[in-house]
Amino acid sequence: MRKFFKLFITSFLGFALLLTGIPLAGATAASGIKDLVIDVNVPQVTREVKDNTIQLNALSVYEDGHFKLASENLTWKSSNKNVAAVKDGEVTLSGHNGKTFISVSDGSFTDRIAIQFKGNQGEILVEKEKGSRYDLIGQAIDKMSMEEKVGQMLMPDFRNWKGKNVTEMNDEIAELVKKYHLGGVILFRENTVTAAQTTKLVSAYQEAAEKYGLLISVDQEGGIVTRLQFGTDFPGNMALGASRSEELAEKVGKAIGEELNAVGINMNFGPVLDVNNNPDNPVIGVRSFGEDPELVAKMGNAYIKGLHETGTAATAKHFPGHGDTATDSHLGLPEVPHDIDRLKKVELYPFQQAMDAGIDAVMSAHVTFPKIDSTKAISKKDGTEIAIPGTLSHKVLTGLMREEMGFKGVIVTDAMNMQAIADHFGPVDAAVRAVKAGTDIVLMPVGLEPVANGLYDAVNSGDISMERIDQSVERILTLKLNRGIVKAEVEKSLDEKIANAEKVARSAEHLQVEKEAAAKSITLVKNSGVLPLKTGADEKIVVVGSSASVITAEVKKHHPNVTVIDTAAPLSAANLAIAKTAKYIIVGTNTSTVSGRLPSANLMKLANQLIEQTNAAVIGVGIRNPYDIMAYPNVDAYLTQYGTKDVSFEAAVNTIFGVNKPTAKLPVTIFNQDGSELYGFDHGLGF
């Protein structure tokens with residue numbers, strides 16, 4: 001059983017020369033190294049204790065201020081092995097009360113840290129050393145050029161290059177990483193084809209970085225937003241919300257983190273903490289855990305905990321909340337009209353809980369919040385006066401997030417090429433506004449060179465103060481140290497990295513978590529005594545609608561007499577005649593927009609045609625958004641699976657045939673067309 005202890009970190013003055021980190025007599029520093037420091041001694045660094053172990057890293061500190069993971073000639077020692085042993089920086093507590101000094105030496109320099117175990121009080125006390133030598137981040141910032149600092153704040157994508165997907169490093173991209181001193185890059189599905197290829201690409205990015213490790217980020221949310229082509233296709237957030245299982249959310253977060261970590265991706269842009277309280281939302285929907293702020297917070301924190309267990313940085317998005325919008329910020333500029341009291345109760349609640357639990361980063365939303373910031377700007381698109389979106393708002397990022405909510409981590413913008421920003425603000429103006437507002441990382445700037453030069457000019461002119469830049473760089477370097485994103489003096493071999501990545505991706509353990517998540521997410525919303533199906537061999541099942549062929553393949557695992565009609569529109573007379581020969585009809589519906597689920601939409605006309613013009617029992621499967629039944633409420637049975645991955649289809653059909661017993665509850669309310677409630681939050685049937 002895993003044991004958790006309270007972890008306290010304090011500082012104290014060292015005494016013995018050998019253990020204070022003063023260079024050994026006669027020692028000389030090699031190749032510009034001026035010191036050796038245990039990373040947890042750095043004031044900004046914290047480290048979690050897992051299973052009675054804590055990982056310490058030794059950092060070689062260089063004359064020019066940068067630092068690397070020390071890899072060679074290290075000797076780790078514990079002064080009291082009855083309390084804890086240490087090997088390669090991993091400290092394992094024995095369970096005996098007492099105090100030990102953990103020291104490390106490279107033959108020229110030494111450092112130590114004290115760890116005290118108070119088992120009867122449930123405490124592990126880490127006592128940091130004290131002194132200017134541990135101000136690694138401050139010293140690094142002091143030695144960095146202005147261009148290096150700005151570079152840490154830029155995170156472009158290299159999704160394509162000269163019309164081709166970037167699946168391997170090229171000289172031009174490597175040169176851009178160096179020239180602009182980039183702090184990170186974001187990968188997309190086009191960049192992540194296989195585990196081996198992705199590991200090579202990520203390693204090449206890190207090799208191209210000159211001093212500081214790169215944040216390699218990706219949107220691996222699960223569900224409809226997955227970027228690893230080779231990874232496990234976990235059901236998304238709303239599926240997890242339907243399960244109501246925090247344990248399951250943590251398992252999924254951990255498995256995602258393990259697959260990212262194995263290929264060298266160290267930052268996930270997830271989880272989505274938007275509260276999906278607007279069924280008309282075209283961009284969040286099933287990416288949210290649900291409509292209830294408390295459910296979103298609990299599931300989100302469990303998912304974050306899972307990511308953190310693997311050392312992967314987590315990012316809560318999209319602050320202050322993209323859930324109650326009816327516009328996609330990729331295409332336009334949405335507005336959330338609520339005042340601060342309502343926002344604190346609903347939209348902001350999951351973000352506050354995540355911040356309190358130690359979330360690494362928060363991504364801002366390209367959404368306007370006029371009750372928080374009524375500041376206007378002139379649109380470069382058409383000259384009209386528009387509200388400032390959250391990403392560019394000092395009142396939202398600094399006033400609300402930093403000062404009022406107390407967030408101390410990294411703020412990253414949503415993609416700056418989205419039309420909510422790109423249409424109304426020039427690329428350079430948008431980046432400058434975002435930094436002045438309080439962002440730390442400008443994600444996917446539109447034109448790396450002009451944006452970098454524009455930020456240089458803003459700093460040189462005094463429009464952005466150097467103090468403001470330094471604040472961001474400190475937060476970014478803190479994140480990198482806390483998550484071990486530091487270049488190593490000696491890296492593991494590429495072959496070793498690839499072998500591990502191929503072992504972890506889609507492992508048997510992860511596939512089992514995937515199946516469990518899918519099975520526990522299936523929500524039986526309506527059942528007029530139809531399910532589970534008990535079919536005779538001669539009874540025909542007809543499958544029609546969205547993903548009919550996929551559903552049919554699953555149905556055939558349970559029943560041989562199946563006919564598929566592969567259409568998402570009302571049936572012709574000939575096909576209707578076939579449907580009328582069925583004992584049961586399964587109709588799949590997959591919608592993501594308001595117009596898609598109107599009764600006038602072809603897919604919904606098809607569902608109602610089957611209900612009204614056949615004598616078969618009609619079973620509806622809401623494939624993506626759970627709201628589809630509002631267009632065909634007279635269906636005999638209805639279940640929802642919240643996603644389009646194969647594993648969710650398998651789980652839904654297993655439920656239809658009674659192999660999977662449904663236990664999930666709706667994480668949202670389903671309304672009638674007139675706005676009245678059809679099925680409430682927390683509704684869910686079993687059998």
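A: In this predicted model, the sheet in question is open and is built from 6 strands, which follow one another in the order β24-β29-β28-β27-β25-β26 with mixed pairing. Because β24 (residues 523-527) and β26 each have a single partner strand, they stand at the edges, and one side of each is left without a neighbour in the sheet. From one strand to the next, the twist averages 20 degrees.

Within this order, β25 and β27 pair in the parallel sense, over 5 bridges, and G545 has G588 of β27 as its bridge partner.

Two helices can be described against these strands. Helix α18 lies across β25, β26 and β27, and runs at about 155 degrees to β25. In α18, which spans residues 548-555, the buried residues are A548, I551, T552, E554 and V555. Seen down the axis of α18, these buried residues fall within an arc of 160 degrees, and therefore they line one face of the helix. The packing partners of the buried residues of α18 are β25 (541-545), β26 (562-565) and β27 (584-589), together with the helix α21 (646-656).

The other helix, α20, comprises residues 602-613 and lies across β25, β27 and β28 (617-622), running at about 165 degrees to β27.

How values were computed: Residues are numbered from 1 along each chain as its sequence is written. This is a predicted model: local features need pLDDT of at least 70, side-chain atom pairs count only at pLDDT 80 or more; totals for chains, interfaces and linings use all residues. Side-chain values use heavy atoms; hydrogens and water are left out. Buried means under 20% relative accessible area, exposed over 50%, partly exposed in between (1.4 Å probe, protein chains only). Helices (H or I, at least four residues) and strands (E, at least two) are DSSP runs, numbered from the N terminus. The arc is that of the directions from the helix axis to the C-beta atoms. Contact means heavy atoms within 4.5 Å. Two strands pair if DSSP finds at least two bridges between them. Axes are lines fitted to C-alpha atoms, for helices over the stretch in contact, and angles run from 0 to 180 degrees between N-to-C directions.
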